[in-house]
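Let's take a walk through this structure together, one stop at a time. Please keep the sequence and the 3D view open as you read.

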Amino acid sequence: AAIQSQLDGVRTGLSQLHNALNDVKDIQQSLIDVNKDWRQSINTIENLKDVKDAVVQHSQLAAAVENLKNIFSVPEIVRETQDLIERGELLQAHRKLMDLECSRDNLMYEQYRMDSKNTHDMNLIHTYFGDMQKLSEELAKQLWMVVQRSLVTVRRDPTLLVSVVRVIEREEKIDRRMLDRKKQTGFIPPGRPKKWKEKMFNILERTVSTRIEGTQADTRESDKMWLVRHLEIIRKYVLDDLLVAKTLLDQCFPPQYDIFNKLLNMYHQALSTRMQELAAEDLEANEIVSLLTWVLNTYKSTEMMGNSELSPEVDVNSLNPLISQNVVDQLLSKYMSTLTSNIIGWLRKALETDKKDWIKETEPEADQDGYYQTTLPAIVFQMFEQNLQVAAQINEDLKTKVLLLCLQQMNSFLTRYKDEAQLYKEEHLKNRQYPQCYVQYMIAVINNCQTFKESIISLKRKYLKIEMEDTLSSSHASMDATLDIIAKEGCSSLLDEVFMDLEPHLNELMTKKWLMGSNAVGTICVTVEDYFNDFARIKKPYKKTMTIEAHRRVVVEYIRAIMLKRISFKNAEERKEGAERMIKEAEQFRFLFKKLAAGSGEDTEGLCDIIEAIAEVIKLTDPSLLYLEVSTLVSKYPDIRDDHIAALLTVRGDASRDMKQTIIETLDQGPSQPNPNYVPIFKEITVPTLTVPKLLK
């Protein structure tokens, strides 16, 4: 069975091999026949070239037939499209324009496939469809007009704007399709790609720039506030436009256009360009401040980009600066330089104006408390205040710099003020009748010093940080010192005025006329009181100083009159009469200055006590006690010199040369115990010495 099965398999295999051999022989014969037929048909294929040309021509004619209707109706479609454009039916007009372009492009494509080098036929098609290119340009013109007015159109007729966007989107799709075909075939119709979307954004960008630039209605020549007005119009326009863009325009454009953010960037760029142009101009100080305030503060404030209605789309923290820090620094530097020269000029002008007031024939104005004053401090600090308020609008650093500048210039100004006050005094001394109100205006100058002090403190408190006060302490101290000098010199000049009037009466003191009953001291008291009625209009710190100084000078002049040795008493009776008169006059002075110093807390007793102490020396009847009396005087007033004692003893008239010498020598050896509160007074009093002519006489 195994052998049988094996033999069957062999038999089957032999049968299949036999069949395969027959098939190979059949295929061999078929190939021989095919080869024979192919060799015979080569000539036949060459004869079919005419058929091939006919097929291509047929394909071209088929395309022509297919577009025949459109080709013949091109002029009519052009007219219809033109009418639609003029009526503003942009979508329908664009539909017909697309049909025309499609017909032209298909014809050109077929021509390109058939013979890409045949420019004649290509030009023929292009010329035939030439009006279509004009239509495309006319339609684009209408589109760009709508785009330019998009922020207005979107409020009045948003449908029109949507139509424009749809037309642009269609053109973008056609552009993409044509570019894809160009990659495959190398053919692209003339005028493609149109890139209308890109052009639309370019138009929007130019429109935004024009809108920003066109807001300048005035120039510096026509309106000093031109820049403030220009910046305010920009702020209003930009805010309104962005609000419209966010609420209305965004809905008319596809999301991928991201129209709001693109417009935001356009406005930011246009503003940046405009601000840089303005910064490059030759701006005045107030214009620099207006520009920097707008750029650094207003732009990102709630009045503009920080407006709540623009959030969250607009994040002010992500906005780049409109102008670089370098430009800001240049502007600030220019501002400080201009401001410096302006302040110097303003201060000089203010002082010149004030000086003109000094020679008026009418009294100066008084404040609510009746103190004389001029407008100078108010003008100066109003100017400082205005500039500091302006600087504060920009930033703290500039405010501090301006304050330092103001105080620095104030320091220089006060030196000039001091010089002018001195010149005013000197001019008056040349002719005491002129100016008529010299005393009143000098009082006003003194009062101005106090006003300046108070204003400086107020200005620092208002505009200077506590930690910065140390940097100004020396400057402040310098200004205070200058003001005190001005006030002191002013008070001194007023007292000089008083004592020039008192001079004839002071010359009467300690003379025979005085002893006989002259009313010189009464006249002195009346004159001083009369002057002090005007001096009552001096502010307290200086009025008190002036009263003390007047008191001291009256006493000094009185003692000087004694030391001049105009009189030498002949006997005890004259000495008694003269001494009592001195005590009485000392009391008159005491009463006068107590009255003048009422409420000031001034000690008016001590100075007049000196006159009384001298009177006691003169009044003494027992010469043996003279040394004791004089030593008491010296112990109270240790600045009394030997020549003072000699003069005093000369006035007594009864002390011999030896007695004078003995008393002086003995006093020189004795200790003195001065009052710690005593202010030396005798050191100012010189005693005249005998000159050669007097000795000869």
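**A glutamate in a loop**

Glu 313 counts as partly exposed, because its relative accessibility is 38%. Keep in mind as you look that this is a predicted model. You will find Glu 313 in the loop between H13 and H14. Which residues does Glu 313 touch, once those up to four places away in sequence are set aside? They are Lys 246, Phe 260 and Asn 261. With Lys 246, Glu 313 makes a polar contact of 3.1 Å, side chain to side chain. Asn 261 is 52 residues away from Glu 313 in sequence, yet their C-alpha atoms are 7.9 Å apart in space.

The loop between H13 and H14 also holds Pro 312. Here the backbone deserves a look: the peptide bond from Ser 311 to Pro 312 is cis, and its omega is near 0°. As background, most peptide bonds are trans, and most residues other than glycine have a negative phi. A cis bond turns up again between Tyr 434 and Pro 435, this time with omega near -5°. Pro 435 belongs to the loop between H16 and helix H17, which covers residues 438-463.

Now for phi. Which value does phi take at Asp 258? It is near 45°, which is positive, in a residue other than glycine. Asp 258 sits in the loop between H11 and H12. Met 510 is not a glycine either, and its phi is positive at about 55°. Look for Met 510 in the loop between H18 and helix H19 (512-515). Is Met 510 buried or exposed? With a relative accessibility of 1%, Met 510 counts as buried, since buried means under 20%.

From the loops, let's move to a helix. Helix H13 runs over residues 285-298, 14 residues in total. From first C-alpha to last, H13 reaches 18 Å, close to the 20 Å expected at 1.5 Å a residue. How many of the 14 residues of H13 are buried? Eleven of them are, and H13 is mostly covered. Among the buried residues of H13 are Ala 285, Glu 287, Trp 294 and Thr 298. The buried list also includes Ile 288, Val 289, Leu 291 and Leu 292. What covers these buried residues includes helices H11 (226-252), H12 (259-280), H14 (325-358) and H15 (376-394).

Ser 150 is part of helix H8, which spans residues 150-156. Ser 150 is buried, because its relative accessible area is 5%, and the cut-off for buried is under 20%. Where does the side chain of Ser 150 reach? It reaches the backbone oxygen of Val 147, at 2.9 Å. Beyond its neighbours within four places in sequence, Ser 150 is in contact with Leu 161, Leu 204 and Leu 249.

Our last stop is the empty space inside the model. Rolling a probe the size of a water molecule over the atoms shows where such space is left. How many cavities of 30 Å³ or more does the structure hold? There are two.

The largest cavity contains about 50 Å³ of space. Its lining is made up of Lys 418, Ala 421, Gln 422, Lys 425, Met 442, Ile 486, Glu 489, Gly 490 and Ser 493. Helix H16 (396-430) and helix H18 (469-506) each supply at least two of the lining residues.

H7 gives the most, with three residues. The lining of the second largest cavity divides into two nonpolar, three polar and four charged residues.

Notes: Residues numbered from 1 in each chain as written. Predicted model: local features only at pLDDT ≥ 70, side-chain atom pairs only at ≥ 80, totals over all residues. Heavy atoms only, no water. 1 Å grid on protein atoms, 1.4 Å probe; cavity = no way out; pocket = protein on both sides within 12 Å on 5 of 7 lines; lining within 4 Å. Points joined across faces, edges and corners; volume = space filled by probe spheres on them. Helix = DSSP H or I, 4+ residues; strand = E, 2+ residues; numbered from the N terminus. Nonpolar A, V, L, I, M, F, W, Y, C, P; charged D, E, K, R; others polar. Buried < 20%, exposed > 50% of the residue type's maximum accessible area, 1.4 Å probe, protein only. Polar contact = N/O pair within 3.5 Å; in protein donor to acceptor, adjacent residues only side chain to side chain. Contact = heavy atoms within 4.5 Å. Expected span 1.5 Å × (residues − 1).
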